Amino acid sequence: MSVLAGVKDISDGSMVYPGGIVLARAVSVVGFKDSGKTRVVVALVGELVGRGFRVGTLKHTAESVLLDTPGKDSWRHREAGSVATGILHGRGSALFLDRVLTVREAVVRLGELDFVVTEGFKSVGSMAKLIVPRVEGEVGELSNGLEIGIVDVDGRGVRGGGGVQVIPLGDAGGLADVVEERAFPVLPGLDCRGCEFDSCLEFGRALLAGEAELGACVGFGSGFSLRVDGEEVALGPSVQDVTRSVVLDLLSSFEGVGRLGRVEISFEVGDGV
Ligand code: SF4
């Protein structure tokens, strides 16, 4: 069974997921420091782009890096207290946010893409991964059951296991083949059990084993989310359905509310103490 079961292919080639959401498939390139992750990302992105795909990348770093240039206008905006600042110019855009996004939130903000290749998200359990070990023993440390390949950089002689193939870094075509075949969109990370698995990680493992269909994840389709103080609260499908029904019933009783698209509700509760 394909990992993309439950997904509709529409005429322009875009992938549409249950609920009409278009979301890139993602793969995380993981390894310890100086393992060669960036070389793997560069080789994979180049090959996928050469195949005609629109590809984005996302990098995690534990290092403290300066994202803006001290003294520049955007820096001064943030010094003044802005928590979200943008720079737009003729060739691109940059956004500076004073909060850490989830991988899924970041992927959504990258726009409509075919694939997102991420680097450095070792502990994320919601997307397929390519492991880049420095030595054989690191494969087990980096494995969580979502690996779709192990990349051998510079002939380190690492071996696969459990049906996961080893792909030499020089075989960019092989890397892209396994990503095209097995990568799936970043799972919502709600651990809501709507798919009848205990967590997104378990659902992802079942997806790769051909024991689940992507369409069984309710987190893609409903577009329903509840955030408290900026943090997403995991809700099961029945709670989502009941809450959505109550709100829609209420809205239907209001005069002047026409055809509904996106509904947002936001309110303050005391001072949060
Ligand atoms: S249904 Fe819930 S637990 Fe299952 S994959 Fe989707 S978000 Fe994760």
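I looked up Ala-183 to begin with: Ala-183 is buried, as 24 other C-beta atoms lie within 10 Å. By the rule I used, a residue is buried if 20 or more other C-beta atoms lie within 10 Å of its own, exposed if 12 or fewer, and partly exposed in between, with C-beta atoms placed from the backbone.

I note here that this is a predicted model, in which local features need pLDDT of at least 70 and side-chain atom pairs count only at pLDDT 80 or more, while totals for chains, interfaces and linings use all residues. Residues are numbered from 1 along each chain as its sequence is written.

**Ala-183, continued**

I placed Ala-183 in the loop between H5 and strand E11 (184-185). Helices (H or I, at least four residues) and strands (E, at least two) are DSSP runs, numbered from the N terminus. I then listed what Ala-183 touches, leaving out residues up to four places away in sequence: Arg-25, Ala-26, Val-27, Phe-115, Ala-128 and Ile-148. Contact here is two C-beta atoms, placed from the backbone, within 7 Å. I also checked Glu-147, which is 36 residues from Ala-183 in sequence and 9.7 Å away in space, C-alpha to C-alpha.

**Whole chain**

I counted 8 helices and 13 strands in the chain. Of its 273 residues, 27% count as buried. For contacts between residues at least 6 apart in sequence, 60% join residues at least 24 apart.

**Largest nonpolar core**

Which residues have the most contacts inside the largest nonpolar core? I found Val-27, Val-40, Leu-44 and Val-151, in a core of 47 residues. The elements that give two or more residues to this core are strand E3 (25-30), helix H1 (37-50), helix H3 (103-109), strand E7 (115-119), strand E8 (128-131), strand E9 (147-152), helix H5 (172-182) and helix H6 (200-208). H1 gives the most, with 6 residues. A nonpolar core is a set of buried Ala, Val, Leu, Ile, Met, Phe, Trp, Tyr and Cys residues joined through C-beta atoms within 7 Å.

Apart from its neighbours within four places in sequence, Val-151 is in contact with Val-40, Leu-130, Ile-131, Val-132, Ile-167, Leu-169 and Leu-175.

**Helix H5**

I found Leu-175, Ala-176 and Val-179 buried in H5. Seen down the axis of H5, these buried residues fall within an arc of 95 degrees, so they line one face of the helix. The arc is that of the directions from the helix axis to the C-beta atoms. On the other side of H5, Gly-173 and Glu-181 are exposed. The cover over the buried residues of H5 includes E3, H1, E7, E9 and strand E10 (166-168).

Just after H6, Gly-210 takes a positive phi of about 75 degrees.

**Strands E5 and E6**

I found strand E6 (residues 92-97) hardly covered, with 0 buried among its 6 residues. Strand E5 (residues 84-89) pairs with E6 in the antiparallel sense over 6 bridges. Pairing requires that DSSP finds at least two bridges between the strands. A hairpin through 2 residues joins E5 to E6, and Ile-87 stands opposite Ala-94 in E6.

**Loop residues**

I looked at Gly-36 in the loop between E3 and H1. With 19 C-beta neighbours inside 10 Å, Gly-36 counts as partly exposed. The C-alpha atoms of Gly-36 and Val-132 are separated by 7.0 Å.

Asp-34 is in the loop between E3 and H1, and its phi is near 60 degrees, a positive value in a residue other than glycine. Asp-34 counts as exposed, with 8 C-beta neighbours inside 10 Å.
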